[in-house]
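Hi there,

Please have a look at it with the notes alongside.

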Amino acid sequence: LNAVKDTQYLRLRTFLNYQNCLRTIVSEAFGVRGDRCKYDYRRGGNQRWVERIDTIRLERVTPVRVAEWQQRRIRQAGNSPAAIASAKRTVNSYVRCARSLFSKEIQKRLKSVQLPAKLPFDGLELFDSGNMKYVSKVDAHALIAAARNELKQNDPEVYKAFLLGLF
């Protein structure tokens, strides 16, 4: 991770997000339990938790291990279709972010780092998370008609603000 950070190919905020996703995957895949101390940035609890994760060698983080983590994460969602869909989107997001740390562009810049022959996300498939496009359930025509009936005569200034808010 330090070598990727040192390339300065990614903006710091992007790198930190990708790093957190990779550490989440690794910690959950290898059962590195974190109690409340992992959120303790002031007294070193977070640093100790990060060090426990960072001791896991990259060779051990295999695509099979990551795929098992994916399945376990989905099973933990329970039986609710909404919870399962949410878990799939979360897992996909974590994998996409963490996988970005091993992109060809970054690998070209890692001159002194010997990466394993099989990278953690090689051949790993994402879940089909369905259509995530927002579809409004608001009936705009009914809303406008209701505003006209309630506000046009009683509170014309609010009605004007409502109409201007449409554009």
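In helix α3, which spans residues 45-54, the buried residues are Gly45, Asn46, Trp49, Val50 and Ile53. Buried here means under 20% relative accessible area, exposed means over 50%, and partly exposed is in between, with a 1.4 Å probe and protein chains only. Viewed down the axis of α3, these buried residues fall within an arc of 130°, so they line one face of the helix. That arc is taken from the directions from the helix axis to the C-beta atoms. As a reminder, an α-helix has 3.6 residues a turn, so residues three or four places apart point the same way. Helices are DSSP runs of H or I with at least four residues, numbered from the N terminus.

Before going further, two notes on the source. This is a predicted model, in which local features need pLDDT of at least 70 and side-chain atom pairs count only at pLDDT 80 or more, while totals for chains, interfaces and linings use all residues. Residues are numbered from 1 along each chain as its sequence is written, and side-chain values use heavy atoms, with hydrogens and water left out.

What covers the buried residues of α3? Helix α2 (12-29) is included in that cover. The two helices, α2 and α3, pack at an angle of about 70° with their axes 10 Å apart; the axes are lines fitted to C-alpha atoms, for helices over the stretch in contact, and angles run from 0 to 180 degrees between N-to-C directions. That makes α2 roughly perpendicular to α3, a label for angles of 65 to 115 degrees (under 35 is roughly parallel, over 145 roughly antiparallel, the rest oblique). From α2, Arg23, Val26 and Ser27 meet Trp49, Val50, Ile53 and Asp54 of α3, where contact means heavy atoms within 4.5 Å. By class, the contact of α2 with α3 has four nonpolar, one polar and two charged residues. Nonpolar covers Ala, Val, Leu, Ile, Met, Phe, Trp, Tyr, Cys and Pro, charged covers Asp, Glu, Lys and Arg, and the others, Gly among them, are polar.

Also in helix α2 is Gln19, which is buried, with a relative accessible area of 11%. Leaving aside neighbours within four places in sequence, Gln19 is in contact with Leu1 and Leu101.

Now the aromatics: the structure holds two aromatic pairs. Rings of Phe, Tyr and Trp (its six-membered ring) pair if their centres lie within 6.5 Å, and planes under 30 degrees apart count as stacked, over 60 as edge-to-face and the rest as tilted. The rings of Trp69 and Tyr94 have centres 6.4 Å apart and planes at 10°, so this pair is stacked. The pair links distant parts of the chain, with Trp69 in helix α4 (residues 63-75) and Tyr94 in helix α5 (residues 81-100), 25 residues apart. Trp69 is buried at 1% relative accessibility, whereas Tyr94 is partly exposed at 23%.

Phe102 and Phe121 form a tilted pair, 6.0 Å centre to centre with 45° between the planes. Phe102 is in the loop between α5 and α6 (104-109), and Phe121 is in the loop between α6 and α7 (140-151), 19 residues apart. Phe102 is buried at 13% relative accessible area, and Phe121 is buried at 5%.

Lastly, a loop residue to look at: Gln8, found between α1 (2-7) and α2, has a phi near 55°, a positive value in a residue other than glycine. Gln8 is exposed, at 68% relative accessibility.

Best wishes
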